[in-house]
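Please read the points below with the sequence and the structure open beside you, and look up each residue as it is named.

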Amino acid sequence: MAHAPSAQLGPSIAPAPPAAPSRDSTLESAGQAADIFDLYGANEESMTGSWEGPMGALYEDCEAVQEQPGQIPETTPNINIITSPPAPPSPSHSQSPSHSRPHTPIKHRFPSIISPRTDSTANSPVRYSDIQRLSPANTGSKRGSMSTGIFSGTDGTRSQTSVAASSRYPGEEEDAFHVRSTYARLGGEGVHGDGWDQGVERTRGGPTMADKRMTVFPPSKNGDIGEKERRFLASLDRYGFVNDPHRNRSESRVVSIPSSSLIKIPKMPITSSLSGKPPAQPNNNFVPSSDPGPTPKPPKSPRTDPDAEMKAKRKEGERVKKWGKMMKVKRRDGGGNIIEWQWSRDGEGAKLANRVYKGIPDRWRMAAWWTLAEEQVQKWNGKGKGKSTAQQLISDYTEAVNLPSSFDVQIDLDVPRTISGHTMFVTRYGTGQRNLWHVLHAFSQLCPTCGYVQGMGPIVATLLCYYDPERAYSLMVRLHDVYGMHEIFEPGFPGLLEAFYVQERLMEWLIPDLYQSFQRNMISTTAWGTKWYITLFVNTVPFSQQLRIWDVLWMEGRDAIIITSLAILWSFRDLLAAPNSSFESILSLLSSYFVPEDEGVFMQWIKKVLSQKKVREKMDGWRMEWKTLAKEGKSGSALL
């Protein structure tokens, strides 16, 4: 049957000839179509004269129709533009031809853009009425309107990465809107070489640079991977990093944490040996010295022999079986996917703590971290989003990801330099970088006080190695509220200063010689400790060691980070407290990338110190002491 004549073309136009079966276009605007052709280019055969994009050809066809109203060329496309979000028609619109034009399907050549208007929309946590209520401004952007694709949520439903990302909101800056809409558009289109190629920059320089930074690679349909991709994937380690943990390090040195220094475990004394003594006199000699000071040993080659590798694999296989008995399914979604775990009888009591310190097997890490965090939520009595259920936080993420943030441009600047050696984040605007940007974008709206700080990026990137964006966002909320990272991130970093105070008191009581060395050389903890605490040791130790520190963090809380810092100081106490140590040598050592000789020995030291009841009691008392000093305005002189 022939299509009904279009009211837009007038009553004198004859019905169109029979057309082949077609599908609805998912394009939202002429600008969107032009964007896609800018991205992928056009066939040389279709490029005649001045290229104006596919919509230029459409306009020419429409003009030809108007010149010959009795005929419609067979090449004239029938367009059905789907808007996002859909708005119900109003009576006033029905009287206007520009709004009441009937839409007919078109068989287009842009199937890669996924329409946001699907049958699963009703199950999506985002309500179209909520998006419309926000009333984004109709700016008439030259780049057109773009929406993003649909991904599977953790609850079994399909949700949208962004529905309103194509609409500019009142007060939203042009650069911020350009960044947000670019990430939204690429969520539907994808990028070339995702996971192995460096990609192409598209958002630096603002909207005016967009056309000059478009990818020109045509979409590939080859079933096999190329040689370059094959070589890159072969170079990855088990965690997805380029298999050279010491590559291109920006730190001044890479040092080994000797296991021999961790054999002795300090005990909390009744009183500090420095109690009542005057502080060490500072060394005011700032003349550069030719003596480099004590030098730590570099780590051994990360390459292990085959026998040691097989032994490690066999040991982890045994732990995988044990953890399989420790955890059991608590809840599944409608599709049968596991969305929540709980501890079995084998996972309760002291056995759980012992096995966490020995290292959670990587295949169980996702389930274990989530379960440990949910346990902390049950114990927490504070206010905020920390008490929200996981489903509520996932819904919050889905709504927040559609809204603008004043930090969008800064987040975009930081994304490409966050864990860039991992296959998930190596490609500019690839899946990993898009997920990272979206989680940080949503999280920056959670707390008006904290907003966004650079240390959040590495933490989110680590979570995305194990979780989808919604759950990564949920765990960031747990860290912010339940684990006290709010005080670490907020302006002035009061929680960071509190942690420094507790750490310095531990140094004073357990490593007095080192504490005096820091006094003598005027070493401030803020000069070297900020990176450790604000990123939770990301890019400070190897990824495998970082994961084991995080295993304990989810179980023990922020005390694990303080004791980990103390473990590094304890390991190098002889070098840091040496008579010939200097301001430069101490800061150079503490700015290093630390590679433990034996991760197990390192973690056992942390366990034995943190399990001392007196240590815990002292740490709690020093926190209260710091709060009193801060309230009285005396905190400034309480730190090194």
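**Notes on selected residues and helices**

1. Once neighbours within four places in sequence are set aside, Asp396 is in contact with Lys385 and Tyr473. The model is a predicted one, and in it Asp396 belongs to helix 11, which covers residues 390-400. With Lys385 the link is a polar contact between the two side chains, at 3.0 Å.

2. Apart from neighbours within four places in sequence, the residues in contact with Asp362 are Arg238, Tyr239, Glu316, Tyr466 and Leu547.

3. Which residues of helix 8 and helix 10 meet one another? On the side of helix 8 they are Glu316, Val320, Trp323 and Gly324, and on the side of helix 10 they are Asp362, Arg363, Trp364 and Ala368. Sorted by class, this contact holds four nonpolar, one polar and three charged residues. Two packed helices are described by the angle between their axes and the distance between the axes. Here the axes of helix 8 and helix 10 come within 9 Å and cross at roughly 30 degrees, and the crossing is left-handed.

4. Helix 9, made up of residues 350-358, has Leu352, Arg355, Val356 and Tyr357 as buried residues. The elements that cover these buried residues include helix 8 (306-326), strand 5 (338-343), helix 10, helix 20 (543-556) and helix 24 (599-610). Just after helix 9 comes Gly359, where phi is positive, at about 110 degrees.

5. Leaving out neighbours within four places in sequence, Met327 is in contact with Trp341, Gln342, Trp343, Ser344, Trp364, Ala367, Ala368 and Thr371. Arg345 stands 18 residues from Met327 along the chain, and their C-alpha atoms are separated by 8.6 Å.

Methods
Residues numbered from 1 in each chain as written. Predicted model: local features only at pLDDT ≥ 70, side-chain atom pairs only at ≥ 80, totals over all residues. Heavy atoms only, no water. Helix = DSSP H or I, 4+ residues; strand = E, 2+ residues; numbered from the N terminus. Contact = heavy atoms within 4.5 Å. Polar contact = N/O pair within 3.5 Å; in protein donor to acceptor, adjacent residues only side chain to side chain. Buried < 20%, exposed > 50% of the residue type's maximum accessible area, 1.4 Å probe, protein only. Axes fitted to C-alpha atoms, helices over the stretch in contact; angles between N-to-C directions. Left-handed = near helix turned anticlockwise from the far one by under 90°. Nonpolar A, V, L, I, M, F, W, Y, C, P; charged D, E, K, R; others polar.
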